[in-house]
Amino acid sequence: MTIMKDLPMPPVAGSPPAGMPSPREHLMSPRTQAVLKIQQALVAGARAVLSGEGAVELFQPLIGPVTDPGARGAKQVDVDYYGHRYKLMASAILYKQASLVAFDKVFFIAPNVRLEPLETSATHRHLAEFHQIDVEFAGASRDDAIALAERVVRGAVRHAVTAQGDALRLLGRDTATLEAFVAEPFKVVRHGDVIRQLGGAHGDGTEIEWPAEERLSGQASAPFFIVDYPKGSRGFYDKEDPARPSTLMSFDLIAPESCGEICSGGERESNYARIVTRMRETGENPAKYAWYLDIVRQGIPGSAGFGIGLERLTRWVAGLGSVWEASAYPKVPGVVSP
Amino acid sequence: MSALRAPGFPEQDIRRRAREGAAAVFPPAGEYGITVFGADTTAPRDGIDRYRLVPPVFMPRRLEKLIDLGREPVYADVALESSFGGLHSPLPMFVSALGSTKAASAGAALARQAGRAALPMVIGENVAPVSGLRAGWHMSLLERITAYLEELPAADGGLVVQQSTEDANAEVWNSVYTDPAVLGLMESGRLAFELKVGQGAKPGLGGLTMVDDDTAQRLAEQYVMKRLAPGTVLRASSPGTFTTEILRQQVHMMRNNYPRARCWVKLHPGRDIAQAAVVAWQAGADAVTVDGAEGGTGLAPSVFLGDVGLPLHECLRRLGQLRRPEQPGQLGQPGQPAGSLLANGRVADGARAVKLLALGARAVGIGRAALVAVDEDPDRGLLRFTESVALEMQLLISALGKYAATDPGPEDLWHPGEPGEPAAALARPEPMETLA
């Protein structure tokens, strides 16, 4: 094999989205400053709810031999760890499950890195580097996790309205509208019903495509949950409903105003043999997950949990056009930025 | 021409095609008038070779073409342009995966010629992890992709990137799907991913290559290594475990994770191949490639080549027994598989290609033939080879009174007959004219 001498540099895949300022302009903008203050209030609100429920906040590892393989088409980032190939965390799901052998209720508020496909630079809702409020409760059911996610989002929004009303008003966000969004219980719809409603190209076993999800979100008058995603759309750790094969006990929380999904979760699989089998169904090699499978084989509690995308939550609450506005140092997929 | 050898394969014929192009379809010009020619009975023959293409006397399809054209149709009226697996090609042919054998070191030259010919090209397993896209991990893969794209016209063709069970460790698909190099292909619908369930040369085994001691050390964490002799280490991949549900869900996962890439599935010639193909099609695969036990560019234990796996002929017979799902108002035809079927295995000339189309394949893969042709002439060998095969296919299909690559069917084949396998079993009723 000859080594190609002039390997082309990656073409500039993404030019920065329209209206994206320079890093200095972005940081100095009163809008950005207001957004970041709202974000901090959201974190404080979420933390208060979770702590109030007795959950222990842990720090998530930044690197590990494996990370969450469930990210749709995204590339993981390799790290050379003394000659071993490690990964930057794409999500803490495996660590959340493992941590339940120490505490019954855990949460992380931590950064994740996913090199998303370049097409996501135009979705207004993908960042290559972002943060999650990642929660897992032992012994919880899917319905428990849905109820908890709703409490966390409601608590975070109400705290932001109380603590950062001025910042929200600076952005032109009507706080009464925001409060109204979270006043009523969130509705729950089934994935199959959504697919039937969408019709067209959406087949069995498929995810809801991003543009379709944005449309659904645009038509919603309040946040709502979609439940029962099909197997083949999520990672191996989401539990398959024993009563309904091929249906996962999973959920997404969809924000209104065309913001789309802001949270994913589900009841988890904790049975060793079923996890190994599901790894194969998702094309994963169980050998990669040795440390995790060792813990699972010795027994982990059944659990349910979720991850809330902090920048997405912020985008919705602050009424922003794009998720990049909700980060001090945004990494839009494919755009070279600090 | 290098030291590349292809024993048991019509290597000399391919080399001549790679040198002479369309002229190689006929006996050498210097021999015309002084030599008498007849069928060569010495070449090794398998079940596909033993078929003969049998033109009828009465050709209602030719009449249709005559009416369409307003003149007598000729061979050049056969349209070979084909669509398969979501891609378009000037002829029903694609370049198969070549794997990571040293013999495939012509990868970049091959990619360049395949690109120029606008033939869809599969890039094989192990290219990424062994030859190790960007940042050092996938350099060889990126090199082949770049070489192909540099020559590829604006329409037709496409890249099919294969991933096997162990390649998943190296996240080949994720790396390709997020790389700026393939953005144009993705936007023009010319990127596909192929799930490698198995391969024809070693059904039931994973990828095997011989590596040197240094490479063995570097890859020891990823593969099983067995030192066979000083400096010669066998590197073995696990074959991967599949059940009906695992295959179905892996296809779903491909469609969900890579919605803008076409989904191909490559199967080894297993005895349940028909069931496996149906699972893949029903899960939404755009194409299923059947690799007959005759195929192979890479390393396989000799015993596997001689004794293991269904011949391609038998694979296609089993698949041909499937019917297309019933469409409203239209019944399926016997001999037509239930989805887009691609066939690999010993394809080296137009006759075998047309026979495979007649047995239900939408396109045929070339592996060894492509390697030998590029070895003969790194600049134009594959182009001349495909030119010769395309001419043969036009001649053959027109002789059958048909004018499109999708037209040949089981009625165009005659088999001398083997116990339990009469050729008649394949035949479908001949369309008859009403005699006035």
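A crossing is left-handed if the near helix is turned anticlockwise from the far one by less than a right angle, and right-handed if clockwise.

I note that this is a predicted model, where local features need pLDDT of at least 70, side-chain atom pairs count only at pLDDT 80 or more, and totals for chains, interfaces and linings use all residues. Residues are numbered from 1 along each chain as its sequence is written, with chains lettered from A and ligands numbered from 1 in the order in which they are written.

**Helix pair, chain B.** I looked up α11(B), residues 244-257, and α12(B), residues 273-283: their axes come within 9 Å and cross at roughly 30°. Axes are lines fitted to C-alpha atoms over the stretch in contact, with angles from 0 to 180 degrees between N-to-C directions. I recorded the crossing of α11(B) and α12(B) as right-handed.

**Strand β6(A).** I found nine of the ten residues of β6(A), 129-138, buried (20 or more other C-beta atoms within 10 Å of the residue's own, C-beta atoms being placed from the backbone). β5(A), residues 105-113, runs antiparallel to β6(A) with nine bridges; pairing needs at least two DSSP bridges. A:K105 has A:F137 as its bridge partner. β11(A), residues 303-309, is also antiparallel to β6(A), over seven bridges, and A:D134 stands opposite A:G307.

**Confidence.** I read ipTM 0.80 and pTM 0.84 for the model. Chain B has a mean pLDDT (the predictor's confidence in each residue, from 0 to 100) of 83.

How values were computed:
Helices (H or I, at least four residues) and strands (E, at least two) are DSSP runs, numbered from the N terminus. A residue is buried if 20 or more other C-beta atoms lie within 10 Å of its own, exposed if 12 or fewer, and partly exposed in between; C-beta atoms are placed from the backbone.
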